[in-house]
Every structure is written in C-alpha cells, then in structure tokens.
Amino acid sequence: AAAMVMNADLRRERAAATFQPELLTHVLDGGAERTRRRREIEALIANDPDFQHEDFSFLSRSQRYGQAIRKSALMVMKLREYGIADPDEIYLFKSFVHHGRPEPLDLHLGMFLPTLLTQATPEQQDRFFMPAWNLEIIGTYAQTEMGHGSHVRGLETTATYDPATQEFILNSPTVTSIKWWPGGLGKTSNHAIVLAQLYTLGQCKGLHAFIVPIRELGTHKPLPGITVGDIGPKFGYDEIDNGYLKMDNFRIPRENMLMKYAQVEPDGTYVKPLSDKLTYGTMVFIRAHIVGDAARALSRSCTIAIRYSAVRHQSELKAGEPEPQVLDYQTQQYKLFPLLGAAYAFHFVGTYIRDTYRRISADIIEGDLSELPELHALTAGLKAFCSWIANAGIEECRMACGGHGYSRCSGLPDIYVTFTPSCTYEGENTVMMLQTARFLIKSYMQVGSGQRVTGTVSYLNDLPRQHIQPQHVAARPVTVLVNDPVSLVEAYKARAAWLVEAAAKNLQAELNRRKNKDDAWNVTSVDLVRATDAHCHYVVVKLFTAKLSEINNAAVRAVMTDLCLLFALHGISKNAGDFLQAGILTNTQVNQVNQHVKELLAIIRPNAVALVDAFDYSDSYLGSVLGRYDGNVYETMFEWAKKSPLNQTEVHESFHKYLKPMLSKL
Amino acid sequence: GVNPDLASERLAASFSVELLTASLDGGAERTRMRRAVVEAIENDPVFSQENQYFQSQNERYEAAVKRAVYLQKKIREMGWSETGTEVQYIYRCLSGDIALSLHRVFMRSISVLGSDEQIAKWMPLATSYQIIGSYAQTELGHGTYLQGLETTAVFDAATQEFILNTPKISAMKWWPGDMGRSATHSVVFAQLYVHGKCYGVHPFILQIRSLQDHSPRPGVTVGDIGPKMNFQHADNGFLRLQNVRVPRENMLSKFCEVQPDGTYVRWGSQKINYFTMTSVRISVLSDEVIRPLMKACTIAIRYSVVRRQSKLKPGEQEAKILDYQTQQQKLLPQLAAAYAFHFINTYLHELFNRGYQDIQGKNFDSLPELHAFSSGFKAIVTQHCTSGVEICLRACGGHGYSLLSGLPSLYTKIIASCIYEGENTVLLLQTARFLIKCFMAASAGQPVPPSVTYLSSAKPGKCPAKNKSDFLNPEFYLKAYEQMASRLISSSAAKLQHLIQSGVEEYEAWNQCTVQLERAAKAHCHYITVKNFVETVEKLDNKAGIQKIMKHLCDLFALHGIFSNMGDFLYDGYLTTAHMDLVTASYLDLLPVIRKDAVPLVDAFDFTDKSLNSALGSYDGQVYQRLYDGARRSPTNQQGNPAYGKYLKPLLQNKLSKL
C-alpha cells in the first residue's frame, strides 16, 4: 500500500495540545531513560522478521495457538541471546512479542518455574529446574478444578501415600475433581505441578503440591493413567490451550512432592511446614499486576476510541455547517474522558502497589511481615475495583465507536475478551471485595477497642468521636472545594469512613439479632462490598492526587490536574447518593459538581488526542484499524476486510451447494 | 436424572410454573402451538446448533445458508404459513442463527416504498427466491446520520438510467447483512441527482451479482467485511459501485418519481414510512434483546443452585452460591428486569397496534409519541438487557467464560443491539427532544399526550413513608419515580432556556445539555416501565400464586432502581436520607424472598436445552458432566495437535534453529 499521510483532523488535534506528550510519557514510564529502553526493546521485536505474523483475527483457534507457540519458543531463545534478565524487561519483551496477549508458556514461565524456585528442595531443583529452564520440560500449574475455584480448601484431587512403594497415588475421584482451566495444560505441557489433598497413614493433611509428569517425552503422548486435553473454545484466550487433567491411580515417586516446607518421610510420617504467610507475597504481586493490566487495557481502549472519535464526523450540531468530529459531542466526551482519567489513575495505582511491594520485600526476607496484611487486603480490593471499572470501560469505549467498534478490526473486541477474565481469575472480584471488607471491619473494631490503626485506614482513628457526639463520624462538616483535588480526597475519605461505619453497625445489628456470625456476615455483604468500593475509590483518588505534585513540568501538571479533577468529580456525581446521604455534600454542591464535570469536559477536549498519544502505543501493539496513529481509518479497514476468509474466493462454495439449487429451482 | 440441588428448588415453588408460562405466551393455546413448532424444528438435525461453538466463520456461514434454504422446505412440509403465528416461533427458535434474514427486510422495503407496478414485478421474484435481496443503507463513513450518505445516483435522461457511484472510500456501503456472499440484489440508498440538483437520499433496486454464476456485475465490488465480535454466520458486506447503471424504473417510487424528462415529482405522505422505522425498533426487542436476557438468567440461576462454593457456616456442606447475598444481588434484579421488560414489550405492542389503526384512519397525531417511545425504550431496554447478560456471565465465574456456557455468545450478540436500529445515545436524545417539547407545551397549558401528563401534574412534596414495609406500596415508589423524571426533565428544560436566553446559540445550548437530557430521557422510560409493571401486576390473575410472586418482582425492580440511582432520588428531596435506609432495607429483604422462587421463575421462561445450548443452564443441572462432554467434542481434542510436530517438538529437543 502507498504511504499514507496523516489524517488532517489528527494533525490539527496534535498541533493544538497545550503540553508535550513525550514528557507525560516519561512520567508514565518513570523517567526518560526508561522510555528510551522500552522503545529499544520494542524495536528489537518490531524489526525482527521472526516475530511477524498474519492478523490473528483471520486465523482459526488452532492456527493462533500454533503461532503463539512458535513465537514463545523464539522469545525464550532470543531473551537469552540478548541477555535480557531483568524481570520488568522480560515482561516488556514478552508483551511486545505477543502484543499484550496471553501465550501458552505463561504458566511455565510465570508459575511452574517460580514455584520450583520457592517450594522445591535443592535436590528437586537439580532434577527439575534446569531441564525446565532449558525447556526440555514444559510445566503448568494445576490448581483449579471443575467444581472448585474460589474455595481452594474444597479441592477434591487426592494424593495418597503408599509406603510400600514409596509413591504417591494420584486420583481425580469425581467429575468435579477434574483439573480444569490451567493454561498450557491442554496441549503444550509435559509436566504439571498438581495441588491435591495429601493422605498419609490414613489421615488427610490438606493441600500440597506435587510434580506430575503427564506426557511422554519424545512422543508427547499422555502417560497411562492420565487423561488430558483442551477444555474447548472460550470467549477469548484463543492462543491458550487451557486444559483438563484427570488422573486414575497415577503413581509418582515420593520425591515428587514439593518438600521445601512440608514433608512426607519414607515411612509416611508427615512433617508440618513452619509458616504459610509467605504465599501472601506472591498474591500481592500478581494482583498488583492485574491493576497494571487494567490500566493498559483501558488506556489502549481509550487510545482507539479517542483517536477514532477525532477522525469520525457525523450529523450536524449546527444546521448548514460541516459534520463535526464526534468527539465534539458532549455525550461522547462524557463517555470517554472519565475513562481516560481512570486509565491514568490505575496506572499510578499499579505503580504504587508494585513499588510498595518492592519496598517491603526486603522486610519480608528479614522476616518482618507487619506491613503485608494491609497491603494484601488493599490489593485484593483494588484488583476488584480497577478490573471492574476497566472491564466496563473497555465496552464503553467499544460502543462509543458505533458499529465499527463491533468489527474485530477495531481491536476492541479482542482487548475486551482478553481482559474480562481478570474479574474472575486470581480471586473472584466479589470474594476479593469481601476480603478487604474483613480487613476494614477488623480495623474498625480495633479503633473501637482503643487501638490506633495506620496506613490507608488511618481515617478510622477519628471514629471514637462518636462516643461523645451522637452523630455519624462522617457527618462532621467537610468543606468541599470542587476545584481542589486535595479537598476531594477529603470528601472521598469521609464517604469511606461513613460507609465502613454503616456496614460495621449493620453487621453488629445483625449479630445481635441472629447470633450467628456467618449468617450476619452474609446478610451484610452487600453493605460490606459498598464499603470496600468506597475505600478503594478513596485510595485511587488519593494516589492520583499525590502523583500531581511529583510532575515537574507545569504544562503536564496542569493537564493532569484537570484530568484528576474530572476523575474525582465524575465519581462523586455517579455516587451522589452516598455523598448526599452521608451529609458530605449538599444539593447545591452536587449541582456544582455536575456543572464542573461538564466544564472540565470542554477543558480537556483540546488535549484529548495528546493525552492518549502519551500512552505511546505503537500501531502494531495497539492492533486497531480505528486507533491508528495516522488516522487513515477507512482505507485501512477496506484493505483489512479484503483479507477476510470469506473473501478468499469470489464466489463462496455454499453458493454452489445451497443457493444455486434454490435460485434455479423455479 | 435431574441434579438433586436443582430438583429441590422446584419442589419449593410458591406458584404454578405452567400457568405463568401460559401467561407469558398469551394463553395456554399459544404455549401449545409454540412448543409444537419448537419440537418440529429442534428434532430436525439440519437445524441443530450443537456444534456452533466449534465452527469457523466459513462453517458458520455455510450452516446458516443451509438452514435458510432448508427452512423453506420445512415450512412447506409442515404446512406452516409464512405470515402466520408459527413464523414468529420458528425464527425465535432459530435464535437468528440463519442466513438470508435481510431478504425479508428487502421485501418489506419494496412493499412499503415501491409503487404498485414495482411490487407486482419484484415481489413474486423475491417470494419464490429467484432473487435474494439485501438492504444497503449504512456506509463506511455514515451510520446514524442518513442525510450524510455519500453514494450518488445521477439521472441520465439520454438512456433513462441512474448511474450509481460510491465516489470515495467512506461512501462504500458497509455492514449490510447477506451482502458479502449471498445476495443477488439489494435496495441501495443514494443521494439522487437530476440535472445537477441534489434531491436527497432515495432507494434504488440494484442487481449486484449475476443470476447465472453469482459473480459480481461489472462495476460492482462486493465482499465480506471480515470477522466481528459475533454474527459469524452472517456475511455482512461491503459494496463499492463504479458507474453502475440501473433503469429509471428501479428507483422505488411510492412517494416520489423521476419522470422521463427528469422532472422530480413527490406525492403522498411519507409518515407511514416513518411509522415503519419506529415499529422496527420495537419489533427487535422481544426476540433479540429480552429473550437473550431471559436465557442468561436461566443459565446463571440454574448454575448458581448447582454450584457450591465455600461454606456459609463452618461444619456445614458448602453452600449453593445463590445463597450468598452478593450473588442474589447480582442475579435477582436481572430476573426482575427480564419480567419488567417482557411486560413493557407487551405494552409497546399494544400502543403500536392502536397507533397503526389511527394511522390507517389518516390520523397521525400519535406519531410523535410513538416515535419517542420507540427510541427511548429501544435504548433503555437494550442497555439494561446487555448489562444484565454481562452480569450473568460474570456471575458464573470461570465457567461462564467458556463458550460452552452459552453466555459469551449471548453477550456478544445482544451487545450489537445497542448500536443497530439507532445508536442508543442518539435515540435517547430524540426522546429527550420530545419530552422537552411536551414540557413546554404543558407549562403553557396546552394538551400533551397521555404518557407525559405527569409533567404538569407533578408537584414537589415529601414522601410520607414511615417504615420499610411502606416501600412495598407501589404508590410510594411510583411517586418517587414520577418526581424524579419530572424534575430531571424540567431542570433540563430550564437549563436549556437559561443558556439560550444568555445568548448561547440554540444548537450549542442543546449540546451543552445533552448529558443531562440523556439522563432525563432514561428516567422517563424507567418511570413508565415501573408504572407498567405495577399496572400489569394489578391486572394479573390472583390464582396459583402468580400475582403474589410478580408483585415481589415488581417491588424488587422498583426498589433496586432507587437503590442504584440514590443520588438522583435524594436530590429531589421527595425521599430523605432516612427513607433511603428504609428503601435499602426493604430491597435487601426482598432478595431472600425471591431467592426461594428463583428457579421456578426461570423455568417459566420455558426454554428447551437445545435453545439454551449451555452446559451450565440445562434443565437437569448436570453441569460438570456436560462441560466435560463438551470439551471432549472440541476439535482441539479430536484433530490431533499440529503444533506439536511443527513447534513444540523442536522446542523440547533444543532444535530451535529449525523453526
């Protein structure tokens, strides 16, 4: 195709921006040097013919899987060739190779190898780690079963120790106990770390991890006693062979139980592990990652929808004038700009969790786990809060692109189906919200019993005032200034305090009434989820606001302040009921908030394209005809459609089979 | 056998499922007829959708064409009539997974827009399938704004032909169904030019493919627009025209004509055509929007009583996930909404039937109201149902993500309804325009249509409710909805007036108020939906417990709406913060009440397992066995693993250089 010139609308938009997107990109990356390195890594892949492939939209599932495997294999080789070893850089490399999509070796690299490192004995590491590192062994991590996901203790797979042969006998005793969902299990892996209920000397010792060979080396055929396969087509994740695994009296040597902590001795004696708090750390890390995923999925979607809305013209605002860009409609701005704010907010939240985790990692190694419970509770809630908003936001962006958003060429359907499972995996969102709620209620009780709490829940320390004054703590007046992010943080804080307190009181009332704490918890859970939601919202607004003062460039800070204000005010407007009910805002103030939201839409409008340009996604990574940097939407869409499988012959075979007989029968 | 966890739910029903089904169908006789049609279709293997989750775009398309062709045979065999009640059940049963559906739109446009001679010429060809039609309106660059279409039809008096062109890339027709591979003809909308003057958008009948070998006619470039989020069975197409000529007689000319000398003549009233457009919006709601939500509720609720996870109390068996308050709060409001929208759909159809009679009698007074209704309700029903289906999907955890659950395809299909037949935001703003006009008229003491008389009667006041059970009295919550809708409309009107009086140009003032106006239109439709639910419940038969359970659902629908839009309701001042606590309590109390009847309430929708096509939602609740059987049928397990030999083996054996 001939080189295309930049769409005139986009050119105008970029010329009119009040700040340099490049400087904002540096803020996002954490410095100019990191931006440079990120681009350098992306260029390695972009310029490598080995990593080129057809548009995935036209490939069958089997072809997509094949391409992904091919690229994963090359990726592992080239990472070593280039000597890239820093975990962040490995992550960047991988996400550029796979355009942000999952890949069949994810579980091998992300779970199998790390689990060996943390839970295998030195002897086991010798046997398994190097072969796995060299990809002679490909492993996956098989925890979830057909019948159990969230409730891990309910898993049904058994591993029964046989002292006579010094083996474990693995069984999937029911249909519901079949391992279901592990990525890379269906077709790729030859080993799996399997979680099973350990039975020894007639007693159940709970869940333990075992290294189970599942396919024969050399032929890749399932071993006798192993039934393994792909779980069939899904909403997305076409590249991944999520699998099932059924074991019938399958024996593995005693030495295949991961025994760094718990152990089974040759005679069957069970030796207990010391502590299991360390597993918290991994969960924090993975959930922080999901917050980052939410930021990326949402920022990609916003990039596509905002660029396209600048290129697309439709209808008339004023009779007789040319059709305006759809981005000039207030309703379109109202759909997209608060999401743009959320994308930035989530980016900063993800970075914050990651940095905090790294900061306290040193303490963890030293055995100081004091900060971990709060971080753990906080990330559970934030994982749910951010992934829910991003999930809905991607769809909002897609629908804001009208009919063309529905085409796979827009890239948006793919972003959605790839992202949406994160509302479920690594902790189902509602379950996560309730975990955080448990922490909030516990903190509230601590304050009630005279202890002080620290960190993000420290606002609960103000609560004892209620013993003097008969009013809700949150009802103390907050002077809310709609133009001041710091003041809005206070408003969100007051709302969180009010809802945590309301949930705690309702819980107490139910306890008094029913005397059964589990029932009481269940019938209060809607309130508890609301309280967590408010707490997380407060934390997100707070972190976004805090970030503003770290931005050195005045022009960038100004536009980010507008966006932060919009994000915060839009959240108030959407949840006005809480703010009114808690007495934090008056009707007049809610009116001002609504009004100011609309003013901010107009203020942000001229910078909208520059704000998404700052995310710095290459066209190849973005994978969207609508979101192209040069805005040549329609020409590219036509070229893309011509490649559709239905167009491979001018006359489709079904014409000869069915239509022709029908047309000519009469 | 039936899973005991599901069987026990059915024993506890407080009402007669069969009677509710009959009531939803409009009588036991219709239930019988529907079941007979469904049985005949589902027992015919040609119409089986069992393997659709495993099929490629090409295979889905071919199967859909096959079904469309065989259906004609089936209809003759069974002695069904193309115009009878059965047809409605046939298409419902096929869930739209069939080709040539645009052919019916093609025929309808000819019969509505064509002259008597045109109808006499084209309809016999179409009804006997000697030609296959499509309907080409939307272009690459234009959807919502029809006046902006760029395809041109220039009259050439010398040859008595129109010359059709898509002069630039954005003018290409894009999206028409059946266009990509199947159609031989299409109705094409184009800007009409005669002697250099543009007369606006007009419809033309155009042959696009040869009737001999199906190849595109000279000047025609046509093909499929490529993979979409769903509708893989449909060959949505593109159409590019370069100096394609059609005879003068091919312009559909019921309302206007270009005479041989080029004189443009317009006659008759196009208002009836306008009526057709609005009624199409309503006609998609039942099958394409409300029933998918009913299916999603059926799947999610049945699965939620089969799925057990974690323990509510230590020492007990793991609990059914439907016993968790948070799960009830996700699913039961969707169930209530499915019923609410079923009833509003009935209401809209009655309204349109009455409107149609008026129009037949040349009385066009009800048209603006009908148009406002069709736009607003199309928007809110599609929006609510779409989000409802997604909530059901996510409420099924990981297994909901499997195509075998049936939920992803329900979702990706229903989601298109928010865009087609009018983009929702655009439609809501049309409703808002009507509401503002009515509000102005009412303020000036002029008469307004019956559905909006509340705009002049609503007076600010305080809700007299004292305790939570008061909010189970429809009078109280209806008043709250009425107040809110009325306030949002009047304050939008005031804002608009204010802006205009302060010198802002009218179009700009409108744009500045659109966020508010959209909200006002939604509030109006929400109010009418609640009101209609209340009125429907009052009219229901009191026997067999049906009225009672429907009353609970109606309360839930209404209170959930208040709970979810607290800000708007509090702002009114009609409800106080103390009231809000009562509403919340009353709403949460309803969840366990409806929970008891949740399974019977979805059973009453009477979907067969084949039509649900879901491992999670089948009537017998054998969820896990069905998932496992489904997975084993997957081509990934049936057809070997080509990637092993090509990529995995070299990888495992350290021979990467061979890749």
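Where does UniProt place the feature "domain: Acyl-CoA oxidase C-alpha1" in chain B? The unreviewed entry puts it at residues 274-436 of chain B. UniProt positions follow the numbering used here, feature names are shortened, and annotations may be inferred rather than shown by experiment.

This is a predicted model, in which local features need pLDDT of at least 70, side-chain atom pairs count only at pLDDT 80 or more, and totals for chains, interfaces and linings use all residues. Residues are numbered from 1 along each chain as its sequence is written, chains are lettered from A and ligands numbered from 1 in the order in which they are written, and side-chain values use heavy atoms, without hydrogens and water.

**View 1. The annotated span of chain B.** Residues 274-436 of chain B are 75% helix and 0% strand. Helices (H or I, at least four residues) and strands (E, at least two) are DSSP runs, numbered from the N terminus. The end C-alpha atoms of the span lie 21 Å apart.

**View 2. An open sheet in chain A.** Three strands of chain A line up in the order 4-8-7, with antiparallel pairing. Two strands pair if DSSP finds at least two bridges between them. Strand 4 (179-180) and strand 7 (226-230) are the edge strands, each pairing on one side only. Five bridges join strand 7 to strand 8 (residues 243-247) of chain A. A:Gly229 stands opposite A:Tyr244 of strand 8. Helix 21 (residues 623-633) of chain B lies across strands 4, 7 and 8 of chain A, at about 115 degrees to strand 8. Axes are lines fitted to C-alpha atoms, for helices over the stretch in contact (heavy atoms within 4.5 Å). Angles run from 0 to 180 degrees between N-to-C directions.

View 3. For "binding site", UniProt lists A:Thr144 and A:Gly183 in an unreviewed entry. They are spread over 40 residues of sequence, yet their largest C-alpha distance is 10.8 Å. A:Thr144 sits in the loop between strand 1 (139-142) and strand 2 (158-162) of chain A. A:Gly183 sits in the loop between strand 4 and strand 5 (191-200) of chain A. Buried means under 20% relative accessible area, exposed over 50%, and partly exposed in between (1.4 Å probe, protein chains only). A:Thr144 is partly exposed, because its relative accessibility is 27%. A:Gly183 is at 9%, so it counts as buried. Beyond four places in sequence, the contacts of A:Gly183 include A:Leu107 and A:Asp241.

**View 4. A:Asp527 in helix 16.** Helix 16 (residues 525-548) of chain A holds A:Asp527. A:Asp527 is buried, because its relative accessibility is 11%. Leaving aside neighbours within four places in sequence, A:Asp527 contacts A:Ala503, A:Asn506 and B:Leu588.
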